[in-house]
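Please look at the chain below before reading on.

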Amino acid sequence: MRYECGFCHFKFGIKSEAKDHFMENHYHFSQHKERARALFNKNEHVIRLMRPSAEERKEELRQIKENARKRKMEEESRRKSNPPPKSRLQPWYSSVVPSTSENTIKVHCCSRDTNLKYSDWTRQCTVGGCNSKILPGDNYMCPPKKGADDDLEEYCIPCWETKKEDKDKKNWIQKVNTNEDVEEILLCSVCKLLWHRSCSMSTRTTVFKCVYCRFGPTCQTVTASQNCPYSNFMEERMSSFLGRGFGRNNGLSCVNFCRRHSANIQEMVPTVLLQEFLGKYGKSMEYVERATYIFQRIDKVDVIFFIMFTNEYQDHQGTKYCLIDYLDTVPFFNSGDRKDIKRSDVHQELVLSYFDYMRNLGYRKAHYHANAPNQGEDYIINCHPETQRFLSQKDLEGWYEAMMKKGEKDGIFKKEEIESGVEQTEESKENATQKKSKKTKIQKAEAQKELFLTTFNKRYAHHKKDNYWLDLAAPKTPMATRFLPHKTWSYTHRVLGDQGDFMDMCADEKLEFSSLDRAKFSSMAIISKINSGSRKEKL
């Protein structure tokens, strides 16, 4: 007796195998949900087949071989007519069918329009030393290209207005930060059905086959891609925090990359304090930049919902010191039936897990800065959903303060101690504002320093509430040896280990998180890069 799946008509010898195939690849897959559940309700999800006769079986085998021969001939003819380029300068994906408003085609994957526009994304001003971001809808200026291979420069309006030395401003082009590109439509090489790129659930670089023809989505996961102590610690701590209801099909996974950097003191410190810093720290400061990516499995796909970049100074004046540089989230964490778990609590626990791991490694000082982004502004993750609500500055400070109180309760932080800024005497404050007609070079330098310190303390008082300097408490019991980091090496990645390179890669390859479908596809593409580009590097 033989059985077949009522959805894709794939045949099995055992009924339980056909039922498991239907449930795993169709019933719980969001793109097949409506049709699959209709078949299940009608009890037509598994079809019993009569035992074929010898002639019918022979004819079936002949038909299978004939179809395989035709597919092979079609692929060979397609390769001959369209040979792959020697150098792939464009992103790996390609639009098989142009998706335009004039092309009235119908996709088989979902009921959405074929003319799906990509989201507008945040650009970075290319002027050296400018950290300004060009938000969607903002104007920016581009100079004329001198050569075909020149990179396009993008100037924010304030930088362009201050560029007085350029005499050829008339030739500059004013642009608006909008994205007119539309999502590609892919053509299945077997059944010839059309699919959105984000619905295809495929990152293959060769011939595309839809989920029907490859018998369900073949999604890459991160479970076996990385096995390092930090990731294991984060996953185990989050598993104990989430508790029941989170397992193999909806649990969290962590991937991290480390990269060693050297900060030039002369480029970081103002001139009036340069000699003091050089005498105190030397010409440079060594630190490790760590990138942390958190995934949750949704519909058999590991989806990114939390990314954090941190800096770790292993010897900062004899003290180990760590700080949060950037942190970004998207609202795709799914608590399932656990309504008592809020998304913000999960984000707080992830940050606390990082500080908990650092204190177990001997780090005793920590810092983070509450700097709320504007609505729609991207810090790390490319293109947030339009419905995502960004926290205001006041709400973000409240979120960090709540996290800090929880950390104190859990014994991760010591009691908060707010720094008082740079000390300055009343006499020096008066000297900084006094104007004298004659001063020696030493007096001028001292006056400039006092003026700088006066300005610094005023700004410090303004940012006192949004900067947090914390003391990490020493653990009462030592951490398990399996969580201790490797002394000689760590995982690193050329692109995913750097915040700027990661954002540029997402923008170039159109990987965005504006919807759950696109977040699934983008996460799969990033997982592919994790599996292929991760390498071990000596520390």
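## Cysteines

The sulfur of Cys125 lies 3.6 Å from the closest cysteine sulfur, that of Cys156, which is too far for a bond. A disulfide is a covalent bond between the sulfur atoms of two cysteines; here the term is given to a pair of cysteine sulfur atoms within 2.5 Å. Cys188 is in no disulfide either, and its nearest cysteine sulfur, in Cys191, is 3.5 Å away. By this rule the count of disulfides is zero.

Are these cysteines buried or exposed? Cys125 has a relative accessible area of 4% and is buried. Cys188, at 0% relative accessibility, counts as buried too. (Buried means under 20% relative accessible area, exposed means over 50%, and partly exposed is in between, with a 1.4 Å probe and protein chains only.)

## The model and the whole chain

This is a predicted model, in which local features need pLDDT of at least 70 and side-chain atom pairs count only at pLDDT 80 or more, while totals for chains, interfaces and linings use all residues. Residues are numbered from 1 along each chain as its sequence is written, and side-chain values use heavy atoms, with hydrogens and water left out.

The chain has 539 residues, of which 43% are buried. Its secondary structure comes to 13 helices and 18 strands. These are DSSP runs numbered from the N terminus: helices are H or I with at least four residues, and strands are E with at least two. Of the contacts in the chain with a separation of 6 or more, 70% are between residues 24 or more positions apart; contact means heavy atoms within 4.5 Å.

## Helices α1 and α2

Two packed helices are described by the angle between their axes and the distance between the axes. How do the axes of α1 and α2 cross, and within what distance do they come? The axes of α1 (residues 15-27) and α2 (residues 33-41) come within 10 Å and cross at roughly 150 degrees. The two helices are therefore roughly antiparallel to each other. An axis is a line fitted to C-alpha atoms, for helices over the stretch in contact, and angles run from 0 to 180 degrees between N-to-C directions. Angles under 35 degrees count as roughly parallel, over 145 as roughly antiparallel, 65 to 115 as roughly perpendicular, and the rest as oblique.

On the α1 side, Phe22, Met23, His26 and Tyr27 make the contact, and on the α2 side Lys33, Ala36, Arg37, Leu39 and Phe40 do. By class, this contact has six nonpolar, one polar and two charged residues. Nonpolar here covers Ala, Val, Leu, Ile, Met, Phe, Trp, Tyr, Cys and Pro; charged covers Asp, Glu, Lys and Arg; the others, Gly among them, are polar. The buried residues of α1 are Ala18, His21, Phe22, Met23, Asn25, His26 and Tyr27. Their cover includes β1 (2-5), β2 (11-12), α2 and β3 (46-49).

## A buried loop residue

Asn177 sits in the loop between β8 (173-176) and β9 (185-187). With a relative accessible area of 1%, Asn177 is buried. Its side chain is joined to that of Arg123 by a polar contact of 2.8 Å.

## Positive phi angles

Most residues other than glycine have a negative phi. Lys192, which is not a glycine, has a positive phi of about 65 degrees. Lys192 is in the loop between β9 and β10 (194-196), and is partly exposed at 41% relative accessible area.

Asp299 also has a positive phi, near 55 degrees. Its place is the loop between β12 (284-298) and β13 (301-316), where Asp299 is partly exposed, with a relative accessible area of 26%.

## Contacts across the sequence

Phe241 belongs to helix α5 (residues 229-242). Its C-alpha atom is separated by 8.0 Å from that of Glu349, 108 residues apart along the chain.

Notes: A polar contact is a pair of N or O atoms within 3.5 Å; within protein, one must be able to donate a hydrogen and the other to accept it, and residues adjacent in sequence count only if both atoms are side-chain atoms.
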